[in-house]
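I opened my notebook for a friendly look through this model. Here is what I wanted to look up.

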Amino acid sequence: MHGRANILFFRQGSFSYINDRVAGWLREQFPQQELVQVDILQDVIKSSRSVAYRGAAAAVLTYPRRLACGDGDFRDLYYRTPYLHNAIRRMVATKYAELASRSLFTFQTQSLYDASLPGLPHFLYTDHTHLANLKYPGADATRLVSPRWIELETALYHKTRLNLVMSAFIRDSLLVDYGCDPANVVVVGAAPNIPAPAAPPDNSNYSNRTILFLGIDWERKGGPVLIEAFRKVREKLPDARLIIAGASPEVQLPNVEVLGRVPLEQVSQLLLRASVLALPTWREPQGINAIEAQMHGIPVVASDVGALPEAILEGKTGHVIPPGDSAALAAALIHLLSDPDLCRRYGEAARAHANARYSSASVSGRLGNAIRAALN
């Protein structure tokens, strides 16, 4: 590990703001190495017009019924074909062979592609696996992608020197669903997209009874369930308020404010003015919003899915309720909003818990230590 070797960091877009943060962690943990970033879409796929077009054709041929019925996002299915997976692997091996000879290791976020290079240790950091989708309520195995693509995904996890994951939920998926060696899977956690605030909550000491919902995908995030629960909340607490940020649903209810998309820098202000965050989602790989709320001293009521039960300490920093259960959601919200002192205690515990486990510095340190141990 002496000398100024390269670290080849393969990424695809922003990945929900995570990629820029990961780049910072790699620079922080390996200051003696030169970080070379490669965008898989811009620098690899689009560098060959024929591969880009054939990738689109492969998606249409692999998933004709799903695309015809509008069942699935084309951008997601585009990456999940054996053709594009193999094409990316070959192009990376050819295009970056010379850089590889002067590199310490390769690193990629997500498992949509294989950016490993022959002879170099490869590391992967992800919040999800494809087969983890079967763990959610109402999971339908017929909606899984090509079995051949899942075989390639499995092979990627097994050739990777170390699979770095955000949660125990995904660690268990790698062990059970993909048969990975426990020694090759390490939970390093996830960090928020916004920094911890310097100021305390501006919510009248948790007495303003404001519920905040953050999420763009209204249906998946359980928005309709929240509206049903909010009707019950207002029967007990007529002055309760609900602020919806991210999504723009048509809601005609008193005390409901729909903000739609908001800049990332405004999220902190919304959190500090809330008494509780509601996240009644049906499917959630990690739940970054729950981590951010707790770092702001705001308790969380969320569904018992994905990694959320790990992020929220039941009865200490919030409540975890069955997905789709509007009565349980309403009861949890009423429980907190009716008792500002309890809400404050939950908020204080939430801030301490989130800062200890999910701060950027702690996640960066765990990631760096895991990589160094694997290299040695």
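My entries on a tyrosine, the cysteines and a helix pair follow.

**Ground rules.** I am working with a predicted model, where local features need pLDDT of at least 70, side-chain atom pairs count only at pLDDT 80 or more, and totals for chains, interfaces and linings use all residues. Residues are numbered from 1 along each chain as its sequence is written, and side-chain values use heavy atoms, with hydrogens and water left out.

**Entry 1, Tyr78.** I found Tyr78 in helix H5, residues 74-79 (helices are DSSP runs of H or I, at least four residues, numbered from the N terminus). Is Tyr78 buried or exposed? Tyr78 is buried because its relative accessibility is 11% (buried means under 20% relative accessible area and exposed over 50%, with partly exposed in between, using a 1.4 Å probe and protein chains only). Leaving out residues up to four places away in sequence, I listed its contacts as Ile45, Val51, Ala52, Gly55, Ala56, Ala59 and Leu84 (heavy atoms within 4.5 Å). For Ala56, 22 residues away along the chain, the C-alpha separation from Tyr78 is 6.1 Å.

I looked for disulfides, meaning pairs of cysteine sulfur atoms within 2.5 Å, and the count was 0. Cys69 is exposed at 66% relative accessible area, whereas Cys180 is buried at 7%.

Helix H6 (residues 82-95) packs against helix H8 (residues 147-159) at about 35 degrees, with the axes 8 Å apart. Axes here are lines fitted to C-alpha atoms over the stretch in contact, and angles run from 0 to 180 degrees between N-to-C directions. H6 contributes Pro82, His85, Asn86 and Arg89, and H8 contributes Arg148, Trp149, Leu152 and Lys159.

How values were computed. Helices (H or I, at least four residues) and strands (E, at least two) are DSSP runs, numbered from the N terminus.
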